[in-house]
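Welcome! Let us take a walk through this structure together, one stop at a time.

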Amino acid sequence: MLSRYCSRTTLRAANTALRSFSTTSSQQKKVAVLGASGGIGQPLALLLKQSKLITHLSLYDIAHTPGVAADLSHIDTPAVVSGHLGPEELQSALEGCDVVVIPAGVPRKPGMTRDDLFNTNATICADLAVACAKHCPKAMMAIIANPVNSTVPIVSEIFKNNGVYDRNRIFGVTTLDVVRANTFIAQAKGLDVKDVAVPVIGGHAGITIIPIISQATPPVSFPKEERDALTKRIQDAGTEVVKAKAGAGSATLSMAYAGARFTLSLLEALTGTEGKYECAYVRSDESEAKYFSTPLLLGPNGIEKNLGIGRLIDYEGALLKNAMDELKASIKKGEEFVAKNY
């Protein structure tokens with residue numbers, strides 16, 4: 001169980017990472033956001049600009065980046081902002097980076113699944129990964145581009161092909177699933193959301209998203225029908241937003257928040273803060289799938305320790321079993337894409 005490794009205090013600290021903007025450190029970092037002009041990239045960059053841990057915020061996209069960078073550069077926080085436009089400026093965006101966050105890609109529209117995005121986003125993610133492997137091979141990679149279940153294997157295979165692979169440094173950002181689980185369960189129980197921490201394991205699409213309510217802090221329980229409804233809502237929350245926006249986009253603001261939370265937790269761990277825990281989708285030996293999201297202890301070298309799945313109740317065990325075929329198929333799809341095209 002998550003509580004075996006983490007006290008309630010440390011869980012609460014991880015759950016409120018965005019409230020740690022005032023943290024100071026002599027070990028300040030360069031962070032690149034690839035896809036910085038998009039619906040996720042702009043609010044993500046805005047949140048990251050507020051962190052005193054970041055010395056240089058490097059923004060890259062194929063359009064509009066100089067304007068986004070100019071806008072953010074007027075904010076009175078220490079991070080220097082640079083804008084990089086197009087492939088010819090990608091090298092300068094990446095050189096010297098400690099963390100690279102990739103929200104680049106096209107968003108979902110009504111009726112689309114994350115997997116429908118595969119062909120376009122797989123190519124975008126792979127091309128960016130080639131540049132990262134060449135220009136910042138030791139950077140921590142935080143992958144937001146969907147479908148995460150496939151794009152993380154894609155980035156990993158690209159890094160392997162370039163001889164710079166380190167499984168502890170490549171993360172699929174599943175923090176939004178945790179954020180949603182915390183929010184929905186706090187609302188259902190009338191709790192203060194800042195005190196709620198729910199691990200979410202598996203992947204980052206539909207039935208592969210597995211909220212482990214039995215390991216929640218504080219402990220909560222629900223009748224079967226309510227538990228079913230909550231689980232389903234957490235799994236389908238992205239579609240809920242796509243439908244509500246009625247063709248105007250997908251979950252951008254909440255994803256930016258979640259991406260910033262993960263990035264800041266990672267930065268704090270890199271600069272020596274102990275006890276930084278986040279769930280993320282990584283190369284893993286914790287299940288039948290090669291890649292799997294579990295709670296992680298973060299450290300200066302990325303993954304300090306994989307905390308594993310923990311004890312599941314029968315209901316959660318069934319969710320895990322039901323997710324495996326889809327998860328393994330998505331992983332294989334990503335690996336085969338690289339084998340065929342790169």
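The paragraphs below visit a pocket, a pair of helices, an aromatic pair and a few points along the backbone.

Please keep in mind from the start that this is a predicted model.

We begin with empty space. Rolling a probe the size of a water molecule over the atoms shows where such space is left. Here the largest pocket has a volume of about 740 Å³. Its lining is made up of 36 residues, and those closest to the centre are Pro 103, Ala 104, Gly 105, Val 106 and Asn 121. Which element gives the most to this lining? That is α6, which contributes four residues. Four elements, namely β2 (54-61), α6 (118-135), α8 (175-189) and α10 (237-245), each supply at least two residues. Sorted by class, the lining holds 19 nonpolar, twelve polar and five charged residues.

One of those elements, α8, leads us to the next stop. Two packed helices are described by the angle between their axes and the distance between the axes. For α8 and helix α9 (residues 224-235), the axes come within 9 Å and cross at roughly 145°. The crossing of α8 with α9 is right-handed. On the α8 side, the contact is made by Asp 177, Ala 181, Phe 184, Ile 185, Gln 187 and Ala 188, while α9 brings Glu 226, Leu 230, Arg 233 and Ile 234. By class, this contact of α8 with α9 includes six nonpolar residues, one polar residue and three charged ones.

Now for the aromatic rings. Across the whole structure, a search finds four aromatic pairs. One of them joins Phe 118 and Phe 337: the ring centres are 5.6 Å apart and the planes stand at 85°, over the 60 degrees required, so this pair counts as edge-to-face. Where do the two partners sit? Phe 118 lies in helix α6 and Phe 337 in helix α12 (residues 314-341), so the pair ties together parts that are 219 residues apart in sequence.

Last come some details of the backbone. Most residues other than glycine have a negative phi, and most peptide bonds are trans. A cis peptide bond, with omega about 0°, joins Asn 146 and Pro 147. Pro 147 belongs to the loop between β5 (140-143) and α7 (148-161). The peptide bond from Thr 217 to Pro 218 is also cis, with omega near -5°, and Pro 218 is found in the loop between β8 (209-211) and α9. Finally, His 64 has a positive phi, near 70°. Look for His 64 in the loop between β2 and α4 (65-73).

Key: Residues numbered from 1 in each chain as written. Predicted model: local features only at pLDDT ≥ 70, side-chain atom pairs only at ≥ 80, totals over all residues. Heavy atoms only, no water. 1 Å grid on protein atoms, 1.4 Å probe; cavity = no way out; pocket = protein on both sides within 12 Å on 5 of 7 lines; lining within 4 Å. Points joined across faces, edges and corners; volume = space filled by probe spheres on them. Nonpolar A, V, L, I, M, F, W, Y, C, P; charged D, E, K, R; others polar. Axes fitted to C-alpha atoms, helices over the stretch in contact; angles between N-to-C directions. Left-handed = near helix turned anticlockwise from the far one by under 90°. Contact = heavy atoms within 4.5 Å. Phe/Tyr/Trp six-rings, centres within 6.5 Å; stacked < 30°, edge-to-face > 60°.
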